[in-house]
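Please consult the sequence and structure shown below while reading.

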Amino acid sequence: MSSQFADWLNEVARKWQEAWEKAGAFKADPKDGRRKLFVTAAFPYTNQPLDFYYARLFVTADVYSRLARAQGYNVLFPFAFQYTGTPIISVANAIMRGDSEVIERLEKQYDVSPEEVKRLSDPLEMARYFHARIKEAVKALGLSVDWRREFTTVDPTFERFVQWQYRRLREKGLLKQEDAPVAYCPVDNFPVGMHDTKGDVEPEISDFDAVHFDSSDFSFLAAFPRPETIFGTVAIMLNPEAEYVLVELGNRKAVMSKEAYERLKYQRDMKVLRSLKGKELEGLTAFNPLTGAQVPVVTSRYVSPKQGTGVVGAVPAHEPEHFLALAELGREFELIPVIKTEGLEEIPAPQVIDLAQTSNPQELKDYVDTLYNLEYHKGYVREDVVDRVRDFLKPIVKEMIAGKPVREARKAVVGILKNLGVHETFYHITNGPVYCRCGAETVVKVVKGQWFVDYSNPMWKATALKAVGRMKVVPEEMKKSLERYVFEAKPRAITRTRGLGARLPWDDRQIIDQLSDSTIYMAFYTIAHRLRVPPSALNDAFWDYVMLGEGDLNEVGSSTGLSKEELMSLREEVAYWYPLDFRFAGRHLIRSHIPFMVYHHAVLFGTDMVPKGVVLVGYVRPSRQRKDVSLERAIRFYGSDAVRLALLYTNDVAGDLEFDVSTAKKLGETLRRIHDFVSYLLSLKGTEQVRRADRWLSSYMNQLVDEVISNYNAFRFKPIMDKLLFEVPDKLRDYLALVDYPNVALLRKVITAWIRLLAPLAPHVAEETWHLFNESFVSLEPLPDPNDFEFDRRAFAELEYVNYLIDVIEDLKGGVQEQPERIILFVSTDERKVRAVRDSVKAILERRTLRDLITGREEEAELYRRAYEVASRLPDSLKRLINEVEFNEAEVIANYAELIIKRLGLEEVKIYDADDPATPNLKGKKDVAMPYAPGIFLVLPK
């Protein structure tokens, strides 16, 4: 299925990958006196082949690494593999269960043979299998990796490193153990976080209040998102068709929906006594524990058994949905106002419905949320609630609740309910449903003795925020988001009871999860290739000395059995490479991995050793044209360098990107043409003369080099490709059209700079092209300098103007059906008009308006209006040149007439002086001519 150009691209890629590996081109060791740059990218999970997202992430990091290498840095770009966590376990378990969807994806999408699939039910086998495939794909993409430093997160030496980290955190009082709610997979039976869920969603947990409304011999456990409204409860609502259960909860028997029980049973010990439909309970009454009122039990379709407890305390005065539900029953219910809020009516629920002009709950949602916010932030509990409560509660309610702001009263109401023994606290996932990678919906479970890392510690938080302030974030506008996520970080569960990964050092029954073992692993790269010692030798004293420079060298040597020379050498390697200069990670990791990385570096290494910068990279959407194209297939079909370019073809590194197969194909074909074009250029005979065209080409390259390097540093890859792949060949063809023989020295210098600029993006084709006339690796060559090319401002301005004029004529040609044979240009060189246009150009560059320009020139207002209009149409780059350089427009057009004829496919170009009275006026074109905007007359075939 691959095309001829793709076969050539992949052949070239393999050739140069083998050559780089044989030469050790990207091995990085400390070098005294040379600037270092340490770059890492978030390592991949080994539960599937390399996908487009990770490929984009890695290629972006590789482009930056190659660029830095070409800028003179000693660059370390290592690679490792994530075996830890639930992603691998979930897929392996699915295979073991015979999950047809998972197995079909493995066989058809990932090209895993049926025999191989069976073997992948073993998590470690799966990790190793996809490890090998990912590494092969990474190499195929041409990443400039130092593979000596490769490791996995289940390597014994890495486990010792992670265990050291968590012992240090525990010593500093930054870990805590408590019974606490965590997001939990009920199928895989372990806590889950962002990287355990489909779509990498971090489950967000909140508590909610539930209140027992006692009936004859059991209670209805009603959820109250706003417990302060309980005074206005007029009914208990159930869903008529939903299944409910009577459960034993502590010393009570309570009714809740079966769906609520299935979620909440992970939080409290409950026993199901019997099941029944909601409509079977209709007609009973229940006792409001605060008011003593007996309220009826009714059923309504508005009640969702999935929300809360599936039992609702109806407060129709303040809850629009409750108002609608009770109104639909056709019975009269008292509307009891509880909260008074400025700007709202006494009974706000019907007011909100009238305002929204809808009874659809989804359409009401925004209005209801607004009501909740207003009542919570501006509302006060009414004084007359005292009249409704039971006598023994009146003094308490009068003192603590009546007349108090809602924010204050809510806590008091909950306190009273707890004292009465009718309150329960439950937890739910507020951004649910969130699904585990195994497919199960996550729940909240209260885990006993769960270990947490305490990101809420105020001193630690302050240190982390200080560190973020010194970091560079790309794109820059996301730095405030990173600061916010660091500030908002809360205690986070860090251990699991199942899976692969480093064991908790003081409890080897628990595994440190995949986000927690990935906080400082970048430091491990610095010495990973040198840890050829028994893991038992890597005690805490070893890590303290090698990583932090702490401890007595003699004592460390004695306790580890390592020589002082070896220990000092390891310490020097860490000190040389650290801190990490740039971390490349998915944009979504700004909420988790990146803040955790900052926290852990700041407290263990110090704020000076926190990574200097992060680059946040967006997702990649699969191709709409070829949904069957995986990354591995894309490389095979379109070629390694073509895939690299297609993954980068955007100005927004953090924005999402679609992998477009037609773009990949077009870019791959263009690379092949560039190689062949360079081969042709190198074969040309030439001259040593320096002419106007040579001065222009040199000036163009001066600007190009500066612009391309600037875009590289800003991660704006699309304009680089547009320049290097399409514009440069066009400019070189223009140059060849202007001269009989090229200046050979200049042409070779241009080609040399061009290929060096292209090398970070398309390293294999660049290497192949470079070796048409060089022996060294272009991947190790320095970037060109703009000053390598002399800049002749006049020569550059003249041809830029000619190119602009050609574009204008091309647009005019598009408005006629036939190809013109000739064009006649009416060129105005009148000094008054030239001055007016140049004044207008300067005004626009200085951001002055036409009104500003005309002030004091009222007698020439019409001339300046026309001039300002002309200047406004000029490209910004040409405006700047015209502001700096004067040239005779007619002479320039005459000098470049052959280029205009060739580019536009004409037979002839005629030039007339628009200001000469003797010049004929063809259809008014003479009259409209202005400097830098000739009148253009197209002569069509007869």
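## The β-α-β unit

In this predicted model, a right-handed β-α-β unit is formed by strand 1, helix 2 (residues 52-70) and strand 2. The two strands of the unit, strand 1 and strand 2 (residues 74-76), are paired in the parallel sense over three bridges. Within this pairing, F38 has L76 of strand 2 as its bridge partner.

Strand 1 also pairs with strand 23 (residues 582-586), again in the parallel sense and over three bridges. Here T40 is placed opposite R583 of strand 23.

## Burial of strand 1

Strand 1 spans residues 36-41 and is mostly covered, with six of its six residues buried. The cover extends to both faces of the strand. On one side lie K36, F38 and T40, and on the other L37, V39 and A41, all of them buried. F38, the bridge partner of L76, and T40, which faces R583, therefore belong to one side of strand 1, and both count as buried because their relative accessible area is under 20%.

Strand 29 (residues 935-939) is largely enclosed by the rest of the structure, because five of its five residues are buried. G935, F937 and V939 point one way from the strand, whereas I936 and L938 point the other way, and all are buried.

Strand 29 is paired with strand 27 (residues 822-827) in the antiparallel sense, over five bridges. One of the residues involved is F826, whose bridge partner in strand 29 is G935.

## N239 in a loop

Where is N239 found? The residue lies in the loop between strand 7 (235-238) and strand 8 (243-249). N239 has a relative accessible area of 13%; this value is under 20%, so N239 is classed as buried.

The side chain of N239 reaches the backbone nitrogen of E241 at 3.0 Å. When neighbours within four places in sequence are left aside, N239 is in contact with Y244, G278, K279, S300, R301, V303 and P305.

## Helix 10

Which residues of helix 10 (residues 348-356) are buried? They are P348, A349, V352, I353 and A356. These residues lie on the same side of helix 10, because they cover an arc of only 140 degrees around the axis. The cover over them includes helix 9 (320-328) and helix 11 (361-378).

The face turned away from the buried side of helix 10 carries D354 and L355, which are exposed. After helix 10 comes Q357, with a positive phi near 55 degrees.

## Helix 15

In helix 15 (residues 479-488), the buried residues are K479, L482, Y485 and V486. Viewed down the axis of helix 15, they fall within an arc of 120 degrees and so line one face of the helix. Helix 14 (458-469), strand 18 (472-474) and helix 20 (593-604) are among the elements that cover these buried residues.

On the other side of helix 15, the residues K480 and F487 are exposed.

Definitions and conventions:
Residues are numbered from 1 along each chain as its sequence is written. This is a predicted model: local features need pLDDT of at least 70, side-chain atom pairs count only at pLDDT 80 or more; totals for chains, interfaces and linings use all residues. Side-chain values use heavy atoms; hydrogens and water are left out. Buried means under 20% relative accessible area, exposed over 50%, partly exposed in between (1.4 Å probe, protein chains only). Helices (H or I, at least four residues) and strands (E, at least two) are DSSP runs, numbered from the N terminus. Two strands pair if DSSP finds at least two bridges between them. A crossover is right-handed if, with the strands pointing away from the viewer, the path from the first strand over the helix to the second runs clockwise. A polar contact is a pair of N or O atoms within 3.5 Å; within protein, one must be able to donate a hydrogen and the other to accept it, and residues adjacent in sequence count only if both atoms are side-chain atoms. Contact means heavy atoms within 4.5 Å. The arc is that of the directions from the helix axis to the C-beta atoms.
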